Amino acid sequence: MKCYLGIDVGSISTKLVLIDTNNQVLFPLYLRTAGNPIGAIQGGLRELNNKIKNHNPDIEIAGVGTTGSARYLAGVITGADLIKNEITAHAKGVCSFFPDARTVIEIGGQDSKIIILENGVAVDFGLNLICSAGTGAFLDAQAHRLGIPVEQFGEIALKSKAPTTIGARCTVFSESDMIHKQQVGHLTEDIVAGLCQGLARNYLNNVAKGKNIQPPIVFLGGVSENIGMRKAFEEALGQRITVPPYNTVMGALGVALLVKENPSPKTKFLGFEISDKDIRCTSFQCQGCPNRCEVIEARIEGKIVARWGDRCGKWSNLNLEKA
Amino acid sequence: MTIGIPRALIYWKQPQFWETFFENLGFKVILSPPTNKEIVEMGVKVADPETCFSNKVYWGHLLWLEGKVDYIFVPRLKANQEKLEYCPKFFGLPDLGKILTKTPILTEIFDERKEKLEKTLKRLGGKLNKNKEEIKKARGLAFLKEKELKEKEKQEVSLKIQSKKQKIVLISHPYNLYDDYINLRVKEKLEKLGAEVIFIEEIPLQNQKSKIKNQKLDWPKFHWEFGKEIKEKIEQVLNYNITGAIEISSFQCGCDAVLKEFVEKAFKQNKIPFLYLMIDEQTGEAGIQTRLEAFMDTI
């Protein structure tokens, strides 16, 4: 059976989705990147391979697509047929499963985005600019501070009857604001609910500023698992927010769909064996000019497979056979 | 005697004009090299953290010239031919320059509300002990060079307008558009994605006799020179059947904070996809690449 694999490697989590030719999701996987994207990709592939062996041993990978902030790295080490940015990938995933959706709110580990759809096509988008306040990483850090597992954050927020106001304009200042609220005696649930509201406000005032937000609205990304955040958005927008299935793996799903629609005659996929190979990236500073670019070298079993990071292209264009 | 010119910020307002002027007065001119990491780092180190990224880059160029030349030329640009003011940050450049470098600063106040450019140039030349005739000749050659450059640009842009590719217009100040280190080679990246890139700066202003009626944008009268210029050029660009517009702003540019709202509205009203990018010394290539790829996919 022919299947297509989508891999989304983000700053906090790595997602893998396998679909068949009827766009059915066979296996969605969600793993923590844990600061080691290569390890996460290898781990994800290993887990996926085990599932395939146990459930559908006749699966043949006919194409691989990668997305997310580590899409190039993921593409190089897996032998991807398609490398696509995460906006297009998310838009594709949403449009295939929810063709009526008009607005996509996606909050991931270190970025947050809004996508405006018209007739199943992305027509406008926004990403957080210079600052990444108001993303999943922020909630993670605050949950840790409060001694609450981030998974329970949402439920605790829902208990609040009087959310306290917390400025979420900047992660650092928001933390001092929160400490102050604790010191004057606010309940944890009111602080947690306040954080959700602050985050939603920050998102709407920055990432979504000036965007034409129309229902139906779907909410994606790791943060969409947080029911407190969903409620905060519903209150702020006065609209119902849908958290669809595959909400945390939509980018991987989208890129799998894209690779299925644009298949190569023969996939470049390097096979599940790569999860057991020695894959390493090293970097060096090029001394060729004052730019001192940090060049990354990816090696599989000691053999250089790609180089990137140089502005002038003298390393990335180098003939790798000779290296 | 050698005169150094920082290849940044105000330099890009009149590229080649100043080196032509000084060379024809008989001086050796040294331009700082195209922006690189070392220059940015030098600038960021000395600049006030509240200043915009483009200013920080300027200080890096100024420091690169330190000790390599007899004078560093830092004009005080106050108002242009149309009597509109330049960015207030430009006013203070020679003063801050004097604090930052031991190399003497050569300056003159360019305020065309009070004095014609020719007269200011005469005073500037006088400071360098050049006589009226010498200055007049150098000035003429500098204007000629500027005219040639504009003419060449005009021809190039007319070809771009006829291109069958997706035409993307980049809106920013010349010092962000022409410095491809600080804009992270946005033009090259867009071209690789299949776009024909047109800088707003390259757009020739419509001459009065033209039969094409430009759409008039309902903007207030801007205090700053670039506000009027960008407005008129956008009015012109709306005739070119462009597929998208991207505005680039340096972090903490106060003037852009105002201007951006109008630029965005102008394109959105005309149903032209618009993307806003902000650049600073921390901007990573990956973030810009993602936005450009997604933008090209949406149009």
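In chain B, helix α6 (residues 117–127) and helix α7 (residues 132–161) have axes that come within 10 Å and cross at roughly 125°. Here an axis is a line fitted to C-alpha atoms, for helices over the stretch in contact, and angles run from 0 to 180 degrees between N-to-C directions. The angle makes α6(B) oblique to α7(B); angles under 35 degrees count as roughly parallel, over 145 as roughly antiparallel, 65 to 115 as roughly perpendicular and the rest as oblique. The crossing of α6(B) and α7(B) is right-handed, a term used when the near helix is turned clockwise from the far one by less than a right angle, with anticlockwise giving left-handed.

This is a predicted model, in which local features need pLDDT of at least 70, side-chain atom pairs count only at pLDDT 80 or more, and totals for chains, interfaces and linings use all residues. Residues are numbered from 1 along each chain as its sequence is written, while chains are lettered from A and ligands numbered from 1 in the order in which they are written. Helices (H or I, at least four residues) and strands (E, at least two) are DSSP runs, numbered from the N terminus.

Which residues bring the two helices of chain B together? From α6(B), B:Glu118, B:Leu121, B:Lys122 and B:Gly125 meet B:Lys132, B:Glu134, B:Ile135 and B:Arg139 of α7(B). Two residues are in contact if their C-beta atoms, placed from the backbone, lie within 7 Å. The residues of this contact divide into 2 nonpolar, 1 polar and 5 charged. Ala, Val, Leu, Ile, Met, Phe, Trp, Tyr, Cys and Pro count as nonpolar, Asp, Glu, Lys and Arg as charged, and the others, Gly among them, as polar.

In α6(A), A:Ser174, A:Met178, A:Lys181 and A:Gln182 meet A:Ile191, A:Leu195 and A:Gly198 in α7(A). By class, the contact has 3 nonpolar, 3 polar and 1 charged residues.

One residue of this pair can be followed further. A:Met178 sits in helix α6 (residues 171–183) of chain A. A:Met178 counts as buried because 23 C-beta neighbours lie inside 10 Å; the cut-offs are 20 or more other C-beta atoms within 10 Å for buried, 12 or fewer for exposed, and in between for partly exposed, with C-beta atoms placed from the backbone. Leaving out residues up to four places away in sequence, A:Met178 touches A:Gln142, A:Ile166, A:Ile191 and A:Leu195. A:Met178 and A:Ile191 are 13 residues apart in sequence, and their C-alpha atoms are 7.0 Å apart.

The chains also meet each other: 15 residues of chain B are in contact with 17 residues of chain A. On the chain B side, α2 (37–46) and α12 (285–298) each supply at least two residues. The largest share of that side, 7 residues, comes from α12(B).

Some backbone details remain. Most residues other than glycine have a negative phi, and most peptide bonds are trans. A:Arg292, not a glycine, has a positive phi of about 45°, and is found in the loop between β11 (279–285) and β12 (294–300) of chain A. A cis peptide bond, with omega about -5°, joins A:Pro215 and A:Pro216.
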